[in-house]
Amino acid sequence: MTPVSSKLYTDDVSLLMVLIDTNPYFWSSMKNTAFTFSKFLSHVLAFLNSILLLNQMNQVVVIATGYNSCDYVFDSSSSSMQRAECLLEKLEEFVDKDESLSQEDSVDGVGFSLLSGSLSMALCYIQRVFRTGPLHPQPRILCLHGSPDGPGQYVAVMNAIFSAQRSMVPIDSCVIGSQHSAFLQQASYITGGVYLKPQVSDGLFQYVSVSVVEFVKTKLSLAYQFNSSVAYIQHQTFRGRLV
């Protein structure tokens, strides 16, 4: 593995790993709201296009985070189809497969999505990019998450967070559920990313575009205020209690 200190990044070229929550139980709970899964995807597609329009060398990789599994569903560097068509087709296949695996499970509430698995997949992809040569695009991970934290994933999630920290990969988080995510608060704080919980779901594209894209440009001159309660949350989750 290339030592962190010897990594050289290509100016103004980014590799964005986008983790989208496709947990069918969570999105079923959102059916009675104005923010459905299809509306969520329209915001995601607009955001991905904006990233690719900033620089034709930018690369976007999308990982679906399901209830039973997670998988790569889009890679802008290898897609020969229209971007939207390719993403939606692969995503539909993944959701159908994940739902079929969920039919025999008994789930209380909205369940949990495999955040630990998708974070690990994102970091593995980034490490492969690091090994391709001396120059690399600047990597970031963006988690678009709605499901509650799964206590059983705590150790795996923290391992992924510390791995991202060591590799100098920021984890940005945008929580679209009804409650905050202690996991993602820690992930963003430890790795130097941005944590968001939009007050208005319909403004998801604007929130993510302004906060994440602008943060990439101004991260050297601006410091985001961090809530000190995250340290307390981290202590409590380590003790086996999610607050």
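Modeller: Let me settle one term before anything else, since a contact, or touch, here means heavy atoms within 4.5 Å. The model is predicted, so that local features need pLDDT of at least 70 and side-chain atom pairs count only at pLDDT 80 or more, while totals for chains, interfaces and linings use all residues. Residues are numbered from 1 along each chain as its sequence is written, and side-chain values use heavy atoms, with hydrogens and water left out.

Colleague: Fine, so which residues does Phe-40 touch?

Modeller: Leaving aside residues up to four places away in sequence, Phe-40 touches Ile-20, Asp-21, Trp-27, Phe-35, Leu-144, Ile-176 and Leu-204. Phe-40 is also among the residues with the most contacts inside the largest nonpolar core, together with Val-18, Ile-20, Leu-48, Val-62, Leu-144 and Ile-176. Such a core is a set of buried Ala, Val, Leu, Ile, Met, Phe, Trp, Tyr and Cys residues joined through side-chain atoms within 4.5 Å, where buried means under 20% relative accessible area with a 1.4 Å probe and protein chains only, exposed means over 50%, and partly exposed lies in between.

Colleague: How many residues are in that largest core, and which element gives it the largest share?

Modeller: The core has 33 residues, and α2 provides the largest share of them, eight residues. Elements giving two or more residues to this core include β1 (8-21), α2 (37-54), β4 (135-145) and α7 (204-218). Another core, of 30 residues, lies apart from it, with Leu-15, Val-61, Ile-63 and Tyr-154 among its members.

Colleague: Zooming out, how many helices and strands does the chain have?

Modeller: There are eight helices and six strands, taken as DSSP runs numbered from the N terminus (helices H or I, at least four residues; strands E, at least two). Of the chain's 243 residues, 49% count as buried, and among contacts with a separation of 6 or more, 74% are between residues 24 or more positions apart.

Colleague: Now the helices, please. At what angle do α5 and α6 cross?

Modeller: The axes of α5 (residues 154-166) and α6 (residues 182-191) come within 9 Å and cross at roughly 20°, and the two helices are therefore roughly parallel to each other, a label used for angles under 35 degrees. On the α5 side the contact includes Tyr-154, Met-158 and Phe-162, and on the α6 side Phe-183, Ala-187 and Ile-190 are among the residues that take part. By class, the residues of this contact are nine nonpolar, three polar and no charged.

Colleague: And what about α4 against α5?

Modeller: The axes of α4 (residues 115-130) and α5 come within 8 Å and cross at roughly 25°, which makes α4 roughly parallel to α5. Leu-115, Ser-116, Leu-119 and Leu-123 of α4 meet Ala-156, Val-157, Ala-160, Ser-163 and Ala-164 of α5. That contact has seven nonpolar, two polar and no charged residues.

Colleague: Back to α6, is it mostly covered or mostly open?

Modeller: Mostly covered, as nine of the ten residues of α6 are buried, including Phe-183, Leu-184, Gln-185 and Ser-188. Just after α6, Gly-192 takes a positive phi of about 80°.

Colleague: Which residue other than glycine has a positive phi?

Modeller: Met-168 is one, with phi near 60°. Met-168 sits in the loop between α5 and β5 (171-175), where Met-168 is exposed, with a relative accessible area of 52%.

How values were computed:
Axes are lines fitted to C-alpha atoms, for helices over the stretch in contact, and angles run from 0 to 180 degrees between N-to-C directions. Angles under 35 degrees count as roughly parallel, over 145 as roughly antiparallel, 65 to 115 as roughly perpendicular and the rest as oblique. Ala, Val, Leu, Ile, Met, Phe, Trp, Tyr, Cys and Pro count as nonpolar, Asp, Glu, Lys and Arg as charged, and the others, Gly among them, as polar.
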